[in-house]
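Notebook open, structure loaded. I'm jotting down what I looked up, in the order I looked.

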Amino acid sequence: LNMKTASTTSRWVVAMHWALSRLQGTSWPINTLTHSEHAYSLCILPVCFFFVAFTFGYAAVIASQSDYILKDSSRQRLALQTFARRHQVGEELHIRVKRFIETESIRRETVAREVHFLNQLPDRLKQDLL
């Protein structure tokens with residue numbers, strides 16, 4: 001590309017491509033790209049940046065929810081162990097209560113997901129579904 005004789009639009013596209021590719025950490029040699037390749041890069045790089053940001057954000061949400069569930073489950077198991085020691089609960093009953101706590105935790109999480117799902121539906125569709 002001869003940038004000295006290129007149009008203002010072409011120079012702007014090449015400059016924007018260079019700026020965005022520098023944010024990415026890499027840059028293709030400008031002299032090997034056509035104007036349409038520069039324009040494509042200008043369009044696709046922000047989409048890729050958004051996708052990466054969305055992926056990291058969603059991973060953080062999943063991690064925080066998992067952490068909350070694990071902490072809640074740990075608190076319940078600790079309370080059960082304390083109660084079982086203090087009141088000398090038998091091993092079989094201890095295991096049955098532990099299984100109930102785990103099953104109930106899964107059931108509550110499932111109900112919460114279903115409620116969230118139903119709240120997103122329009123009223124008419126929700127009525128048809130229920």
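**Aromatic rings**

I started with F50, which is exposed at a relative accessible area of 59%. My cut-offs: buried is under 20% relative accessible area, exposed is over 50%, and partly exposed is in between, with a 1.4 Å probe and protein chains only. By that scale F54 is partly exposed, at 49%.

Before going on, a note on the source: this is a predicted model, so local features need pLDDT of at least 70 and side-chain atom pairs count only at pLDDT 80 or more, while totals for chains, interfaces and linings use all residues. Residues are numbered from 1 along each chain as its sequence is written, and side-chain values use heavy atoms, with hydrogens and water left out.

Next I looked up ring pairs. Rings of Phe, Tyr and Trp (its six-membered ring) pair if their centres lie within 6.5 Å; planes under 30 degrees apart are stacked, over 60 edge-to-face, and the rest tilted. I get 2 aromatic pairs by this rule. F50 and F54 have ring centres 6.4 Å apart and planes at 25°, so I logged them as stacked. Both sit in helix α2, 4 residues apart, about one turn of the helix. (Helices are DSSP runs of H or I, at least four residues, and strands are runs of E, at least two, numbered from the N terminus.)

F54 and Y58 are stacked too, with centres 6.1 Å apart and planes at 15°. They are also 4 residues apart in α2, about one helical turn. I noted F50, F54 and Y58 as a cluster linked by ring pairs.

**Helix α2 against helix α3**

How do the axes of α2 and α3 cross? For α2 (residues 35-86) and α3 (residues 91-120), the axes come within 11 Å and cross at roughly 155°. Axes are lines fitted to C-alpha atoms, for helices over the stretch in contact, and angles run from 0 to 180 degrees between N-to-C directions. The two helices are therefore roughly antiparallel; that label needs an angle over 145 degrees, while under 35 is roughly parallel, 65 to 115 roughly perpendicular and the rest oblique.

For contacts I used heavy atoms within 4.5 Å. On the α2 side I found I69, D72, Q76, R77, L80, Q81 and A84, meeting H94, V97, K98, I101, E102, R108 and E109 in α3. By class, that contact has 5 nonpolar, 3 polar and 6 charged residues.

A19 is in helix α1 (residues 8-24) and is partly exposed at 32% relative accessibility. Its C-alpha atom is 49 Å from that of R124, 105 residues apart along the chain.

Definitions and conventions. Ala, Val, Leu, Ile, Met, Phe, Trp, Tyr, Cys and Pro count as nonpolar, Asp, Glu, Lys and Arg as charged, and the others, Gly among them, as polar.
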